[in-house]
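Look at the sequence and the model together.

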Amino acid sequence: LDWPITVESSVDSTNAEIFRRLDAGVRAPFVLLAERQTAGRGRRGRVWASPFAENLYCSVVLRVDGGMSQVEALSLTVGLAVAKALQSIGIDGARLKWPNDVLVEGRKISGILLELAGDPADVCHVVIGVGINVNMAVDVPAVIDQPWTSVRQCLGRVLDRNELAAKLLLQLRDCLSIHWQRGFAGLREEWEALHAWRGRSVALTAGNNATLGVVLGVDERGAIRLSVDGVDRAFSGGELSLRLQ
Ligand code: BTN
């Protein structure tokens, strides 16, 4: 792996810290891990619980040449890499919820937050933030507003976070390399094999709007396909979120 790796004991958010380092002239690619985050960021303005030394808080920054076209489905590719890393340590039940949550038996074990820096039409950087609940104590996170689990709960033992970090970064490297060569199309089948909610009735929400449908799958651009009143429709966009009906 030729990404330099730095580990900090405490940052506000590994994503935010990477933006500052890019501004200060540090060159991508590189990886930043932290023992804790004081303001861990989740999707759609949420907080990501980040207690000290219990979980994995990891961000990778890469240069992306030639604009947004390949970035669109990138978050699905990252989700697949996380699910594969979890499977490689024995969590067979790791499944993907569109666009990029990783669930085990319906409970969230990992979240992913992609952020772009620079002009999206030109050369830019993508910051890939991954949080994985590893050994988090069950009584800690009052801020978590959804069912969650951890590697420890799934495996019944405490896991060395370095081992998981190494597996995660290698899976990321391998999945991203396919993504840059062939796009998400090259990973779609593998993603679908781990799809948590195919065939389920869901509500897709964007702000206050909800669309009800049945999940058909994901397409080659990473959009979610729903059957809505019998019509096959594809949806994409960062602010969308799915829940079971
Ligand atoms: C989600 O809402 O599901 C996304 C959570 C992403 C959390 C990770 S932890 C490492 C990186 N730094 C952050 O501040 N957020 C991401």
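Helices (H or I, at least four residues) and strands (E, at least two) are DSSP runs, numbered from the N terminus. Residues are numbered from 1 along each chain as its sequence is written. The model is predicted: local features need pLDDT of at least 70 and side-chain atom pairs count only at pLDDT 80 or more, while totals for chains, interfaces and linings use all residues.

Lys108 belongs to strand β6. Lys108 counts as partly exposed because 18 other C-beta atoms lie within 10 Å. Two residues are in contact if their C-beta atoms, placed from the backbone, lie within 7 Å. With neighbours within four places in sequence left aside, the contacts of Lys108 are Asp101, Leu103, Gln146, Pro147 and Trp148. Asn133 is 25 residues away from Lys108 along the chain, and the C-alpha atoms of the two are 8.6 Å apart.

Next comes the sheet. Strands of a sheet pair through backbone hydrogen bonds, either parallel or antiparallel. Here two strands are said to pair if DSSP finds at least two bridges between them. Seven strands form an open sheet with mixed pairing, in the order β1-β2-β3-β7-β6-β5-β4. The edges are β1 (5-11) and β4 (94-97); each has a single partner strand, so one side of each has no neighbour in the sheet. On average, neighbouring strands of this sheet are turned by 20° against each other, direction ignored. For angles such as this one, axes are lines fitted to C-alpha atoms, for helices over the stretch in contact, and angles run from 0 to 180 degrees between N-to-C directions.

Strand β3 (residues 56-64) can be followed in more detail. Seven of its nine residues are buried. On one side, β3 pairs with strand β2 (residues 30-37) in the antiparallel sense over five bridges, and Leu32 stands opposite Ser59 of β3. β3 is also joined to strand β7 (residues 124-132), by nine bridges, and these two strands run antiparallel. The partner of Ser59 in β7 is Gly129, while Val60 has Ile128 as its bridge partner in β7.

Helices lie against these strands. Helix α1 (residues 14-23) lies across β1, β2, β3, β6 (107-118) and β7, at about 40° to β3. Helix α4 (residues 161-182) packs on the sheet and touches β2, β3 and β7, with a direction at about 25° to that of β3.

What lies inside? A nonpolar core is a set of buried Ala, Val, Leu, Ile, Met, Phe, Trp, Tyr and Cys residues joined through C-beta atoms within 7 Å. The largest such core has 59 residues, and Cys58, Val82 and Leu168 touch the most other members. Helix α2 (residues 74-88) gives the largest share of this core, nine residues. Domain 1 (5-193) and domain 2 (201-244) both contribute residues, so the core lies between them. Apart from neighbours within four places in sequence, Leu168 is in contact with Cys58, Val82, Ala85 and Val130.

The domain bounds come from an automatic or database domain assignment. The C-alpha centres of domain 1 and domain 2 are 23 Å apart. Twelve residues of domain 1 are in contact with ten residues of domain 2. On the domain 1 side, helix α5 (residues 188-193) provides the largest share, three residues.

A second open sheet has five strands in the order β11-β10-β9-β8-β12, with antiparallel pairing. Its edge strands, β11 (231-235) and β12 (241-244), each pair on one side only. Neighbouring strands of this sheet are turned by 45° against each other on average, direction ignored. Strand β8 (residues 201-206) pairs with strand β9 (residues 209-218) over six bridges, and Leu204 stands opposite Thr211 in β9. The hairpin of β8 and β9 has two residues between the strands, and Gly207 takes a positive phi near 60° there. β9 also pairs with strand β10 (residues 224-228), over four bridges. In the hairpin of β9 and β10, with five residues between the strands, Gly222 has a positive phi near 90°.

Methods. Buried ≥ 20, exposed ≤ 12 C-beta atoms within 10 Å, placed from the backbone.
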